[in-house]
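Subject: Handover of a structure and the findings on it

Dear colleague,

Please find below the structure that I am handing over to you. My findings follow it, and I would be grateful if you read them alongside the coordinates.

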2 protein chains.
Amino acid sequence: MRTPAQNAHLALLLEVAGTPKPGNVDRHRDLEDLRFEHFLAGAVGAQRGLEQAANGGAVGPAFERSVEGMAAQGGGNTQFGALLLLVPLVRAAADDLSQPVVEAICEDTTVADAAGFYRAFDHVDVFVGEPPAEMEPLDVRRGSDAVPALEERGLTLLDIMEQSVPGDDVAREWVRGFERSFVAAERLAEADGPLTERAAAVFLSLLAERPDTLVATRSGEAVAQEVTERAAELVERNALETDRKIVERFADELVERGVNPGTTADITAAGLFIALERGAITV
Amino acid sequence: MRTPAQNAHLALLLEVAGTPKPGNVDRHRDLEDLRFEHFLAGAVGAQRGLEQAANGGAVGPAFERSVEGMAAQGGGNTQFGALLLLVPLVRAAADDLSQPVVEAICEDTTVADAAGFYRAFDHVDVFVGEPPAEMEPLDVRRGSDAVPALEERGLTLLDIMEQSVPGDDVAREWVRGFERSFVAAERLAEADGPLTERAAAVFLSLLAERPDTLVATRSGEAVAQEVTERAAELVERNALETDRKIVERFADELVERGVNPGTTADITAAGLFIALERGAITV
């Protein structure tokens with residue numbers, strides 16, 4: 001029997017092993033400076049923070065610790081967003097891994113949890129957009145330097161997540177009861193075949209539904225929209241079953257263009273964790 | 001900073017991610033019923049036993065626990081031999097990861113450690129050859145049923161390993177101070193490129209030097225000899241650099257023939273651990 005922390009760890013590994021996952025590092029693709037091995041080491045490093053969450057540790061500090069461990073490899077940010085989803089989910093699993101429980105955990109977050117979230121940015125460079133002017137003191141890129149402003153305004157981690165919506169679909173999961181993560185888990189359970197193939201199929205289905213917010217931030221809304229439309233066409237044609245090569249080509253093309261739908265990968269990892277933890281999928 | 005147990009865990013992941021690793025599951029190849037995801041789950045499951053060893057736990061019980069956790073996936077035996085090397089190495093790392101220290105740990109093993117080793121066979125089917133008649137009561141396939149015979153004869157785990165040489169090159173490492181594991185670590189440090197490519201190169205170099213004992217047991221000495229000769233030709237030609245496709249074809253051919261040089265993979269994993277733990281390679 002794997003513990004919740006171990007299932008979260010395995011979810012990170014299965015996510016990166018899923019292929020083809022257009023635009024991202026996967027079992028068959030590396031980016032230039034961000035390789036498969038960085039994701040393996042990132043998952044191993046995150047383990048202690050995940051255990052802290054599983055043992056009932058507060059969400060913010062457990063997240064910071066998981067990010068600090070994840071960052072102990074040379075590729076940079078590998079699983080920041082995935083951990084931001086996994087930490088409250090792992091915490092919920094100690095009680096009951098359901099949407100109401102994880103929502104309650106998010107609602108119960110404090111200013112100290114928000115401070116942990118900001119401190120996590122001290123450990124790794126995360127690509128984020130410019131904040132609006134009134135939020136500049138709370139720009140996450142300030143990391144722990146933003147903590148006094150945060151405390152002054154009395155913002156909890158859930159407050160911070162609410163201010164990041166729309167524009168960040170990881171934050172949206174926090175605000176919407178991890179809706180898409182639970183949907184992903186159901187799809188993983190319903191799919192056939194090895195888990196690495198199911199992960200790829202569910203990734204594509206999620207990408208087909210909503211423009212990836214990391215792509216929108218980095219490459220613009222138009223590119224994010226284009227990627228989603230093309231993913232939708234592939235899903236519509238059931239291309240993973242009927243014309244896998246075209247999906248492989250789409251994956252290569254996005255890698256070449258530097259278009260990495262990382263938010264969609266984060267939600268896939270969250271779905272893998274939920275499905276593993278509930279026994280809806282087995283390895 | 002990763003702990004020794006985390007480095008051992010990462011070594012297992014990097015080993016299976018190395019490609020092409022002729023005949024074995026790798027980043028690009030699955031066997032029919034033994035897939036990449038089983039190795040990921042095996043590595044995650046082994047973690048607790050590795051931590052037990054890192055915390056100074058006795059070798060036999062830590063090994064049994066790591067195998068029990070490793071076996072909690074549907075693929076069967078994924079990393080039994082690798083763990084038999086990693087557990088004493090992790091134990092040594094708590095003190096000093098050198099050949100004399102790990103040799104001393106092996107020499108200090110007891111009958112209770114041997115019993116843990118036998119009990120590990122209760123958790124997973126491991127392919128082994130027929131023992132000689134006088135060893136039948138100690139056939140490892142009897143698992144814990146062999147423990148009374150073991151206790152009667154007063155055999156330590158090192159004694160058992162000595163009786164398995166020649167014919168099992170994992171046991172040979174125990175008897176020879178982990179000679180090839182340390183050589184593998186040096187080669188990994190001297191190689192260039194991503195660790196997954198270094199792992200593949202070192203695997204091939206080890207395979208080129210000595211016939212794989214798992215292949216010899218399963219497919220016969222002649223096949224093991226043939227595989228080593230072909231690996232030696234590829235190394236001689238520096239084929240991984242100059243004609244990678246031919247190595248890929250060799251890898252596919254061995255997978256098709258069901259020829260899996262698992263012992264060589266085990267030693268590669270041990271080398272990865274030593275090199276990671278000493279900081280001779282970094283991710």
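**Helix packing in chain B**

The crossing in which α11(B) passes α13(B) is left-handed. Please bear in mind throughout that this is a predicted model.

On the α11(B) side, the residues in contact are Leu204(B), Ser205(B), Leu207(B), Ala208(B) and Glu209(B). They meet Val227(B), Thr228(B), Ala231(B), Ala232(B), Leu234(B) and Val235(B) of α13(B). Sorted by class, this contact of α11(B) with α13(B) comprises 8 nonpolar, 2 polar and 1 charged residues.

**Helix packing in chain A**

In chain A, the pair to examine is helix α1 (residues 4-17) and helix α4 (residues 80-93), whose axes come within 9 Å and cross at roughly 155°. Angles over 145 degrees count as roughly antiparallel, and α1(A) and α4(A) are therefore roughly antiparallel to each other. Here α1(A) passes α4(A) in a right-handed crossing.

From α1(A), the residues Pro4(A), Ala5(A), Ala8(A) and Leu12(A) take part in the contact. Their partners in α4(A) are Ala82(A), Leu83(A), Leu86(A), Val90(A) and Ala93(A). By class, the contact of α1(A) with α4(A) has 9 nonpolar residues, with no polar and no charged ones.

**The interface of chains A and B**

The interface brings 31 residues of chain A into contact with 31 residues of chain B. The two chains bury about 2600 Å² between them, and 57% of this area is on carbon and sulfur atoms. Which three residues supply more than any other three of the area that chain A buries against chain B? They are Arg27(A), Glu37(A) and Val283(A), which supply 26% of that area.

The salt-bridge rule finds 2 salt bridges across the interface of chain A and chain B. The side chains of Arg27(B) and Asp30(A) form a salt bridge, with an N to O distance of 2.9 Å. Over all chains, the count by this rule comes to 36 salt bridges. Arg27(B) lies in the loop between α1 (4-17) and α2 (36-54) of chain B, and Asp30(A) in the loop between α1 and α2 (36-54) of chain A, so the pair joins two chains.

**Backbone geometry**

Several backbone details may also be of use to you. In chain A, the peptide bond from Val165(A) to Pro166(A) is cis, with omega near -10°. Pro166(A) is found in the loop between α8 (157-163) and α9 (169-175) of chain A. In chain B, a cis peptide bond joins Val165(B) and Pro166(B), with omega about -5°. Pro166(B) is located in the loop between α8 (157-163) and α9 (169-175) of chain B.

Lastly, Phe178(A) has a phi near 55°, a positive value in a residue other than glycine. Phe178(A) belongs to the loop between α9 and α10 (179-190) of chain A.

With kind regards

Technical notes:
Residues numbered from 1 in each chain as written. Chains lettered and ligands numbered in written order. Predicted model: local features only at pLDDT ≥ 70, side-chain atom pairs only at ≥ 80, totals over all residues. Heavy atoms only, no water. Axes fitted to C-alpha atoms, helices over the stretch in contact; angles between N-to-C directions. Helix = DSSP H or I, 4+ residues; strand = E, 2+ residues; numbered from the N terminus. Parallel < 35°, antiparallel > 145°, perpendicular 65-115°, else oblique. Left-handed = near helix turned anticlockwise from the far one by under 90°. Contact = heavy atoms within 4.5 Å. Nonpolar A, V, L, I, M, F, W, Y, C, P; charged D, E, K, R; others polar. Buried area = accessible area lost by both parts, 1.4 Å probe. Salt bridge = Lys/Arg side-chain N within 4 Å of Asp/Glu carboxyl O.
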